[in-house]
Amino acid sequence: IKSTKKHCFGKLRLQKWYTATAERDKKKMVRELMQIVLARKPKMCSFLEWRDLKIVYKRYASLYFCCAIEEQDNELITLEVIHRFVELLDKYFGSVCELDIIFNFEKAYFILDEFLMGGEIQDTSKKSVLKAIEQADLLQEEDESPRSVLEEMGLA
Amino acid sequence: MPAVSKGDGMRGLAVFISDIRNCKSKEAEIKRINKELANIRSKFKGDKALDGYSKKKYVCKLLFIFLLGHDIDFGHMEAVNLLSSNKYTEKQIGYLFISVLVNSNSDLIRLINNAIKNDLGSRNPTFMNLALHCIANVGSREMAEAFASEIPSILVAGDTMDSVKQSAALCLLRLNRTSADLVPMGEWTARVVHLLNDQHLGVVTAATSLITTLAQKSPDDFKTSISLAVARLSRIVTSASIDLQDYTYYFVAAPWLSVKLLRLLQCYPPPEDAALRSRLTECLETILNKAQEPPKSKKVQHSNAKNAVLFEAISLIIHHDSEPTLLVRACNQLGQFLQHRETNLRYLALESMCTLASSEFSHETVKTHIETVINALKTERDVSVRQRAVDLLYAMCDRSNAKQIVAEMLSYLETADYSIREEIVLKVAILAEKYAVDYTWYVDTILNLIRIAGDYVSEEVWYRVIQIVINREDVQGYAAKTVFEALQAPACHENLVKVGGYILGEFGNLIAGDSRSSPLVQFNLLHSKFHLCSVPTRALLLSAYIKFINLFPEVKATIQDVLRSDSQLRNSDVELQQRAVEYLRLSCIASTDILATVLEEMPPFPERESSILAKLKKKKGPGNLPDIDDARRNVNGSTEHSENTEAPKKSSPSLVADLLPTNRPRPASSSPIMRSAGTMGTTHPFTDLLNLNATPSAGASLLVDVFSESPAPASVDVCEENFLRFVCKNNGVIFENQLLQIGLKSEYRQNLGRIYVFYGNKTSTQFLSFSTSVASCDMLKTQLNVHAKTVDPLIDGGAQVQQMLNIECVSDFTDAPVLNIQFRYGGTLQNIAVKLPVMLNKFFQPTEMTSQDFFQRWKQLGAPEQEVQKIFKAKHPMDTDVTKAKILGFGVALLDGVDPNPANFVGAGVIHSKCTQVGCLLRLEPNTQAQVKMYRLTLRTSKDTVSQRLCDLLSEQF
């Protein structure tokens, strides 16, 4: 998997690149891809050839999830990579919606990182991935419990 | 499960995000962001040291702003500081920022590497994971250098936690992809292979990915993985669906791992060991059997996961290409999918079948699905699926079904999507040629192609049909008759006119016996199209006419009249005019014998690989195009070519074999000779020509040139159009025509300059043999050094390449260097020359000075030869701001309050050259009172040539 990204009607919510790409090219690619993917109709197939890559995408409510994979990669299993990621988000946020991803974008990144690394699946078990995230959250809560709201306001 | 309340952790961040979301307009959003950026910047710069939490929050905000698509140019240092925090979340945000925002060659890499080193050594698995993730995410060479040797030991150490092992494996994989040379092979590789036996399926999954990547590069080192992978696969496919607990996905046992193991096995040929081989065959059979079982769930995830494994198994079967039963079973399975209601499966089935078509064992089985595939072509609603159907038809084509497939493709072409028309045209042209038993069918097919999709018929295609007709005597009469008939159509495509002109010019005599296609009728028919055609086609038609004069003396007078007409002899196009003049002279002066020799029928072309095939290969990339030559040889045996006189079919290394003279390097001698024939007039115009004809090959090469389309690059006008626009600016477009755009970015410091030249290919076709050179006149060569870096010889359609020019000003100069550009576009040599905007004023350094200083120096430079003055009319409206900007752009400092009259402009600067520095003062006085707006420009420098040149340059700007 070369890159994954997801966006909603023209707005990119999350992007992750697994090959070194210049910032300018990234923007160009994202723009191009959005145009292509958003133009596709519901019954069309989820795969398309783009440059020398294959694009696998799936729509969940208002969010599109896209992966760019290489010629010899397996399209169907990539489709399920997307689904598993959505399941993970869903489980973590409790019926995930776009707002969760907007407001907790850093968490969405952590989940993606736990699941995919360097473009390859790190662990396919839902339990293992969530366990890792939960542990991190526990650490986070210990860190932050003493902070008061007033302090927050002062800093905001 | 932790309850995630919105904004837990960082309230400030949540407030900010809400604010942004509440922004009604883009402007409001940008305003809010800028405010926030200013706030963060001041916090980071503030005297008060920020605590970790605040740092984290601000870094996180920056990240959010970046993700909204804005550039972030600070905060990196704070993020790096977070890395060394002991608090997990701070560290985590720090790493996140770095992996999203730090590109691989940032200056901060060393600091980051230090933090990573600490975390890797911390023996805290969570920290180690963060560090490994960061290495994998950034994946830079510096990181590979720092850690590539450390990670293998983490991976294979006995006491490493499973989750760290997984991260280490994938981290190593990433480093191997980015800088394989830095990842040392060694004793650890054997131990990595044994991770395939690990208890933890997550570890096995990560390890399989790593081993696959490594095995692709050095298969011998990882041979032992074959047996372990087969054993693992076998255990998975025979397990009950619940055995693997959390690794079962919608009732499919470990689909990801299965796919990966099957991919790993595709790095190797079938196992040699018989037992292992049969165990693998069993696995594959089991997978194929499972496809026939009723689904365990109606969910699409179940079928996707199951079929993902199935398709990967089929890939392995195709890769091995050794078990006929498996291949045929696979083919039948795909046949079922061809009619499946899931679009995705139909798409994949068409794609996989394409590769199966090239196997000798399954080619025949694939062919049985032809009707379904043709149906797909007609009924699929998704163009990407139809594209796959075209590919499959192409791959399954052989002599037995060629006529049907070509006919179907032709009829599909009438309605095909524009995006894939050109490719279909190429495919039809190739199939028609390859499987033509009788060449009348071939000629018909190509003419149909031109009729249906003329715009998409590239030069290669119509070159090829001409080549074949010339090489095959049996089809020449038919071709002449057919093009003659096709040309009768009231509106025919220009490509048809080209083919028609060429073929009738060569073989029109074969149908001239029929009074309905008598020479005069043929000529009138061709000439009726003449005025509708582009210059290259007209040039080709003119050549056809001179050939007519040779073939049919009875129309000579008519054609001479045409050539003699003003529209030809005085045509504004050089090439057309030259042809008309030369052909007319040739027809008047040369004897019948000479004419017959010069205008002899074209000799057969040497056989080469079809350039159409080359073009298609290039279009699709070598991997994507099943080699139908090989396929056919396997399937139908070696008899295939026996009736086909076109012998060489194996791919030759030089794919872009040129067919026609236009693509061939022009024989140097031929062009000037034709030219001399035209210009030498009545003296001895044909001596050279005749001498040349004495050598057998020269006649041919002369004819070659008759059909060339491009004027010789004798002299190209230098484009100066935009030159003066660059006097006061450094960047912009200097040249643009229909093919090419040339942009410049320049920077100058003292006597040195650098220009980045950007060549943009505006077409969709590649430019070949692209080259440039910079020429200066002899005098300029001593005054200005220009050094051009090399430029890429290929520019893909739509692409841009960059070239750097380094410039040194030795002494003051007046002339400007010329940039010459040459390239081939669609077989035609293009020559462009552009005057480079390197002017003396570019080497200005502005000088600020007081009023007193200014007038003192002004007086010192009072000698008459030091001053140049010019009074000129304003070409543009007088606008103080614009004028100021231009003077600043010119390179001098604009001095306020020097001139007693505030409406005047005064500037000062120093021109830097290697030899000297020339101080320079200028004064511009607008006269706004006069009826015609005028300026007076005065320049004083210590050198007369400099004063003159600067005055000339600047006076053109207002």
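A: One may begin with the charged pairs. In this predicted model, the count over all chains comes to 47 salt bridges. One of them joins the side chains of Asp71(B) and Lys27(A), with N and O 3.4 Å apart. This pair crosses between chains: Asp71(B) lies in the loop between helix H3 (52–67) and helix H4 (76–83) of chain B, while Lys27(A) belongs to helix H1 (residues 23–38) of chain A.

Q: How many salt bridges are counted between chain A and chain B?

A: The count between these two chains is six. Among the salt bridges is that of Glu120(A) with Arg177(B), in which the closest N and O atoms are 2.9 Å apart. For polar contacts across the interface of chain A and chain B, the rule finds 28 residue pairs, both residues being at pLDDT 80 or more.

Q: Which helix gives the largest share of the side of chain A that touches chain B?

A: Helix H2 (residues 75–93) of chain A does, with 12 residues. By class, the residues on that side of chain A divide into 31 charged, 27 nonpolar and 13 polar.

Q: How is the size of an interface expressed?

A: It is often given as the accessible area lost when the parts come together. Here, the area buried between chain A and chain B is about 6,900 Å², and carbon and sulfur atoms give 54% of it. Leu76(A), Phe103(A) and Met117(A) supply 10% of the area that chain A buries against chain B, more than any other three residues. In terms of contacts, 71 residues of chain A meet 83 residues of chain B.

Q: What is the arrangement of H4(A) and H5(B)?

A: The axes of helix H4 (residues 105–115) of chain A and helix H5 (residues 88–101) of chain B come within 11 Å and cross at roughly 80 degrees. Angles of 65 to 115 degrees count as roughly perpendicular, and H4(A) and H5(B) are therefore roughly perpendicular to each other.

Q: Which residues of H4(A) and H5(B) meet?

A: From H4(A), Glu106(A), Tyr109(A) and Phe110(A) meet Gln92(B), Ile93(B), Leu96(B) and Val100(B) of H5(B). This contact has five nonpolar residues, one polar and one charged.

Notes:
Residues numbered from 1 in each chain as written. Chains lettered and ligands numbered in written order. Predicted model: local features only at pLDDT ≥ 70, side-chain atom pairs only at ≥ 80, totals over all residues. Heavy atoms only, no water. Contact = heavy atoms within 4.5 Å. Buried area = accessible area lost by both parts, 1.4 Å probe. Salt bridge = Lys/Arg side-chain N within 4 Å of Asp/Glu carboxyl O. Polar contact = N/O pair within 3.5 Å; in protein donor to acceptor, adjacent residues only side chain to side chain. Helix = DSSP H or I, 4+ residues; strand = E, 2+ residues; numbered from the N terminus. Nonpolar A, V, L, I, M, F, W, Y, C, P; charged D, E, K, R; others polar. Axes fitted to C-alpha atoms, helices over the stretch in contact; angles between N-to-C directions. Parallel < 35°, antiparallel > 145°, perpendicular 65-115°, else oblique.
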